[in-house]
Amino acid sequence: MKFWYKRTFLSYLLLPLSALFGLVASLRRWCYQHVLTPYKAPVPVVIVGNISVGGNGKTPVVIWLAQQLLAKGHRVGIISRGYGGEKTDKVRLVNGDSDPRLVGDEPVLIAKRAGVPVAVCPYRKRAIEALLAQHHIDVIIADDGMQHYKLARDIELAVIDGVRRLGNGFLLPAGPLRECPARLKTVDGIICNGAQAQQGEVQMRLKAQSAVNLVSHEVRPLHDFQAKTVVAMAGIGYPERFFSTLQRAGITPVATHSLADHQCAELSALKVMASVEQALLMTEKDAVKYHSQAQENWWYVPVEAEMSDEIAPVLAKIERLLT
């Protein structure tokens, strides 16, 4: 919603509903803190989430964190709600070859890139129990779920978009916030994706250096596409971030196509986006949905997260939980 990122007459008109939303959200959190008993997993749980909607960059953080913990010899499992996949209460175990139509595109991407066990289920307790029953795991990373207070957590990382920040600062539906900005004072780390991190935040940059062909799996330096006729497509929460990444790499697409987050376009629609003489560049998250029907001129651009030194205290805190 574009009006979420500025204060307009409509956003002020919706403020009474935002107040009601905030009251319910606060009451729910208070109940799980003082009345209800959340599920406590037998291993530490790290939440990677946010307080606003719309593509803040959680997935690269989850992958980066899993890789860091794996490098230190820890056995990592990842859980996700599986948004965008088939609606079911069942637990699904995910690998890099899983069908994103069943389990969601982000879990497939995470499983492929992180190389660790992944489980999806709306009920995070069931997902954790399924992972622990199948694998020897000593730490769980929860992709999203900051507001899922049924699950106790040991570490919370909040990811924010450095450009859009917290939008107009209003709660849903007047703004993009799921919880009040003060909630950020309670987390263990705030990761700023792009732009300039503010005091006390971890700076994250997404580094894109290559493109991978969906058919041949050929890898080319991204700058090779500067002289080509390129069409860009992104079905993520904030497509403009991908288009900006291409611009910074010196690539100016002749056309850009923004799809809804997790949307899987029809093959016929994708074919008309770019002619065979053009290169269609997409995100890696999009690519997991189209491998089986890919054309020879389709390429995806993988990104790697780079964190500033401010992440060190968070990693140290996780290490202390695991010793």
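In strand 14, Trp299 is the bridge partner of Asn213. Strands here are DSSP E runs of at least two residues, and helices are H or I runs of at least four, numbered from the N terminus. The model is predicted: local features need pLDDT of at least 70, side-chain atom pairs count only at pLDDT 80 or more, and totals for chains, interfaces and linings use all residues. Residues are numbered from 1 along each chain as its sequence is written, and side-chain values use heavy atoms, without hydrogens or water.

Strand 9 (residues 210-213) and strand 14 (residues 298-301) run antiparallel, joined by two bridges. Two strands pair if DSSP finds at least two bridges between them. Six strands form an open sheet, ordered 10-9-14-13-11-12, with mixed pairing. Strand 10 (219-221) and strand 12 (255-258) are the edges, each pairing on one side only. From one strand to the next, the twist averages 30°.

Helix 7 (residues 239-248) lies across strand 11 (230-234), strand 12, strand 13 (279-283) and strand 14. The helix runs at about 150° to strand 11. Axes are lines fitted to C-alpha atoms, for helices over the stretch in contact; angles run from 0 to 180 degrees between N-to-C directions.

Now the cores. A nonpolar core joins buried Ala, Val, Leu, Ile, Met, Phe, Trp, Tyr and Cys residues through side-chain atoms within 4.5 Å. Buried means under 20% relative accessible area (1.4 Å probe, protein chains only). The largest core has 37 residues; Leu65, Ile78, Ile141, Ile191 and Met307 have the most contacts inside it. Helix 3 (residues 58-71) gives the most to this core, seven residues. Apart from it lies another core, of 27 residues, including Cys121 and Leu151.

Terms used
Buried means under 20% relative accessible area, exposed over 50%, partly exposed in between (1.4 Å probe, protein chains only). Contact means heavy atoms within 4.5 Å.
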